[in-house]
Amino acid sequence: MNTSTLVQKIWNFCHTLRDDGVGYGDYLEQLTYLLFLKLAHEYSQEPYNRETHIPKKYNWPTLTAKVGEPLEAHYLATLHKLGQEPGMLGAIFFKAQNKIQDPAKLSRLVQLIDAENWISLDADTKGDLYEGLLQKNAEDTKSGAGQYFTPRAIIQSMVACIRPQPLKTIADPACGTGGFFLIANEWLSGTGEWLKDNESWLNRDLPKLNKKQKEFLRDQTFHGNEIVPNTRRMCLMNLFLHNIGELEGEPSVERSDALISEPKQKVDYVLANPPFGKKSSMTITNEDGEEDKEALTYERQDFWETTSNKQLNFLQHIVSMLKVDGKAAVVLPDNVLFEGGAGEKIRRKLLENCDVHTILRLPTGIFYAQGVKANVVFFDAKPKDGQVHTKGIWFYDLRTNKHFTLKTRTLKLNDLQDFVNCYNPENRHERVATERFKFLSYDELIARDKANLDFLPLNDDSLDSLEDLPPPDVLQQEIIEHLEAALAAFRDVAAGLQDK
């Protein structure tokens with residue numbers, strides 16, 4: 001069976017289950033469990049003969065040998081048992097539940113997966129299949145999964161600018177389903193269609209990885225946190241299908257709140273899109289595995305300011321994660337660039353202690369979460385020597401007079417080609433101003449009210465001429481985006497008043 005036929009087969013069954021009320025997210029969960037068991041079984045056979053640590057009583061053949069209600073009962077017992085195992089196994093099956101209530105359809109899914117030899121598929125094929133499911137899940141607005149999905153073109157442009165090198169560590173303190181790790185992995189290994197399709201201007205010049213570099217990439221490069229168990233298991237499976245991590249090893253993604261304590265290790269790069277929403281909350285798990293959330297203000301000695309603003313806390317945490325020569329590219333909402341109080345104090349500290357050199361102003365209409373206005377902030381860590389390290393910031397405006405939607409006019413990597421060229425990754429100290437790319441010195445920045453970093457270099461043409469308005473469907477979506485953003489701002493104000 002060729003790749004496209006297999007993908008269609010998996011999709012068709014997903015649609016069948018949706019008729020029973022099983023959403024993309026639940027389907028993904030069950031697919032994750034069953035795929036992992038099948039892959040582990042294949043790895044335990046000749047010529048691999050790998051130790052999978054899956055008890056024989058709960059391995060893949062025990063599922064294929066049963067149908068109907070006996071299969072359902074055994075599947076439940078398998079999920080429960082494997083969730084108690086250590087390492088990657090326990091991480092994938094942590095608090096796993098069966099969401100497919102029809103035993104006949106569960107049996108059909110087991111047969112569907114059993115019919116294929118998954119190891120024989122290359123990592124790109126397996127990965128593309130799973131990534132496609134993750135994207136569909138993100139598009140399903142009812143599931144709320146869109147908050148874990150960053151547009152791939154944005155991640156690709158961030159990686160193309162940062163240009164990670166072999167034998168270096170990469171972290172994401174809120175890694176969702178692992179998108180940043182996968183794109184960075186493709187950059188380092190030279191795989192991925194986006195690299196081939198845009199080879200002429202990406203100028204990727206990394207040589208082929210040697211054995212040591214490949215092993216480091218697989219086992220030691222990536223370090224993440226994801227607090228939501230279901231999202232974390234999808235992330236681990238996503239990485240595993242792309243040949244990141246090992247069956248026997250410890251998971252590279254911790255199920256913990258990264259903000260609770262100082263980072264355990266410093267890393268070379270941080271690539272991240274911390275969760276939207278300003279309020280921080282702590283998830284408390286009791287002895288029975290039940291979870292509860294309560295509002296949280298983090299008291300950390302390494303933070304410049306104590307605040308309950310989640311994005312400001314993530315920004316401070318990311319600074320603390322970097323080695324002295326570390327680099328970061330972080331997606332942050334507009335409010336981080338201009339709000340007062342703790343926001344202003346943290347911005348001033350960031351400009352002093354790090355070299356904040358580039359801000360990409362992102363367009364609206366590109367995120368699955370509504371009403372998001374965001375930016376990518378690029379900065380380098382610097383020694384704590386009392387000097388001001390930001391000399392000035394280059395601003396690239398990809399928002400003004402740009403119109404994108406999630407369906408009819410999606411953001412592509414080509415739309416970011418001019419930004420990457422202006423960024424000049426080969427030597428970012430040699431840049432040239434353009435209509436969209438402008439420089440403000442440090443003195444100009446700190447002289448602005450509240451050290452405001454929300455810079456608009458372009459005039460909005462649509463304000464001057466009705467002829468420059470976007471098509472009706474795009475205009476409609478932009479109006480919704482603006483209203484959603486305004487509502488979010490009002491909710492933040494209301495929440496702030498309640499706290500006082």
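This is a predicted model: local features need pLDDT of at least 70, side-chain atom pairs count only at pLDDT 80 or more; totals for chains, interfaces and linings use all residues.
User: What share of the residues counts as buried, and what is the accessible surface of the chain?

Analyst: The chain has 500 residues, and 52% of them count as buried. The accessible surface of the chain comes to about 23000 Å². Carbon and sulfur atoms account for 48% of that surface.

User: Which share of the contacts joins residues at least 24 apart in sequence?

Analyst: Contacts between residues at least 6 apart in sequence are the ones considered here. Of these, 75% join residues at least 24 apart.

User: How should I read the packing of two helices, and where do H7 and H13 come together?

Analyst: Two packed helices are described by the angle between their axes and by the distance between the axes. Helix H7 spans residues 123-139, and helix H13 spans residues 229-241. Their axes come within 8 Å and cross at roughly 155°. An angle over 145 degrees counts as roughly antiparallel, and H7 and H13 are therefore roughly antiparallel to each other.

User: Which residues make that contact, and what is its make-up by class?

Analyst: On the side of H7, the contact is made by Ala 123, Lys 126, Gly 127, Tyr 130, Glu 131 and Leu 134. On the side of H13, the residues are Met 234, Met 237, Asn 238 and Leu 241. Sorted by class, the contact of H7 with H13 has six nonpolar, two polar and two charged residues.

User: What is the angle between H2 and H4, and how is their arrangement described?

Analyst: The description again rests on the angle and the distance between two axes. H2 packs against helix H4, residues 68-82, at an angle of about 80°, and their axes are 12 Å apart. Since angles of 65 to 115 degrees count as roughly perpendicular, H2 is roughly perpendicular to H4. The contact involves Gln 30, Tyr 33, Leu 34 and Leu 37 of H2, together with Tyr 75, Thr 78, Leu 79 and Leu 82 of H4. By class, the contact of H2 with H4 has six nonpolar, two polar and no charged residues.

User: What is found in the loop between H2 and H3?

Analyst: The loop runs between helix H2 (24-44) and helix H3 (60-64), and Pro 47 is found there. A cis peptide bond, with omega at about 0°, joins Glu 46 and Pro 47. Asn 49 lies in the loop between H2 and H3 as well. Although Asn 49 is not a glycine, it has a positive phi of about 50°. With 47% relative accessibility, Asn 49 counts as partly exposed.

User: Where does Leu 167 lie, and what is its phi?

Analyst: Leu 167 lies in the loop between helix H8 (152-162) and strand E1 (170-172). Its phi is positive, about 65°, although Leu 167 is not a glycine. Leu 167 counts as partly exposed, at 37% relative accessibility.

User: Is Met 321 buried or exposed, and which residues does it touch?

Analyst: A residue counts as buried when its relative accessible area is under 20%. The relative accessible area of Met 321 is 7%, so this residue is buried. Met 321 is found in helix H14 (residues 310-321). Leaving out residues up to four places away in sequence, Met 321 touches Ala 171, Pro 173, Pro 263, Gln 265, Lys 266, Val 267 and Val 270. The C-alpha atoms of Met 321 and Val 267 are separated by 6.1 Å, while the two residues are 54 residues apart along the chain.

User: Where are Lys 9 and Gly 340 found, and what are their C-alpha separations from Leu 112 and Asn 452?

Analyst: Lys 9 is found in helix H1 (residues 3-18) and counts as partly exposed at 28% relative accessibility. Lys 9 and Leu 112 are 103 residues apart along the chain, and their C-alpha atoms are separated by 8.5 Å. Gly 340 is in the loop between helix H15 (335-338) and helix H16 (342-353). The relative accessible area of Gly 340 is 24%, and the residue is partly exposed. Gly 340 and Asn 452 are 112 residues apart along the chain, with C-alpha atoms separated by 8.8 Å.

User: How many disulfides does a search of the whole structure find?

Analyst: A disulfide is a covalent bond between the sulfur atoms of two cysteines. A search of the whole structure finds zero disulfides. Cys 161 is buried, with a relative accessible area of 4%, and Cys 354 counts as buried at 2% relative accessibility.

Terms used:
Residues are numbered from 1 along each chain as its sequence is written. Side-chain values use heavy atoms; hydrogens and water are left out. Axes are lines fitted to C-alpha atoms, for helices over the stretch in contact, and angles run from 0 to 180 degrees between N-to-C directions. Helices (H or I, at least four residues) and strands (E, at least two) are DSSP runs, numbered from the N terminus. Angles under 35 degrees count as roughly parallel, over 145 as roughly antiparallel, 65 to 115 as roughly perpendicular and the rest as oblique. Contact means heavy atoms within 4.5 Å. Ala, Val, Leu, Ile, Met, Phe, Trp, Tyr, Cys and Pro count as nonpolar, Asp, Glu, Lys and Arg as charged, and the others, Gly among them, as polar. Buried means under 20% relative accessible area, exposed over 50%, partly exposed in between (1.4 Å probe, protein chains only). Accessible areas come from the Shrake-Rupley method with a 1.4 Å probe; for residues, only the protein chains shown count as cover. A disulfide is a pair of cysteine sulfur atoms within 2.5 Å.
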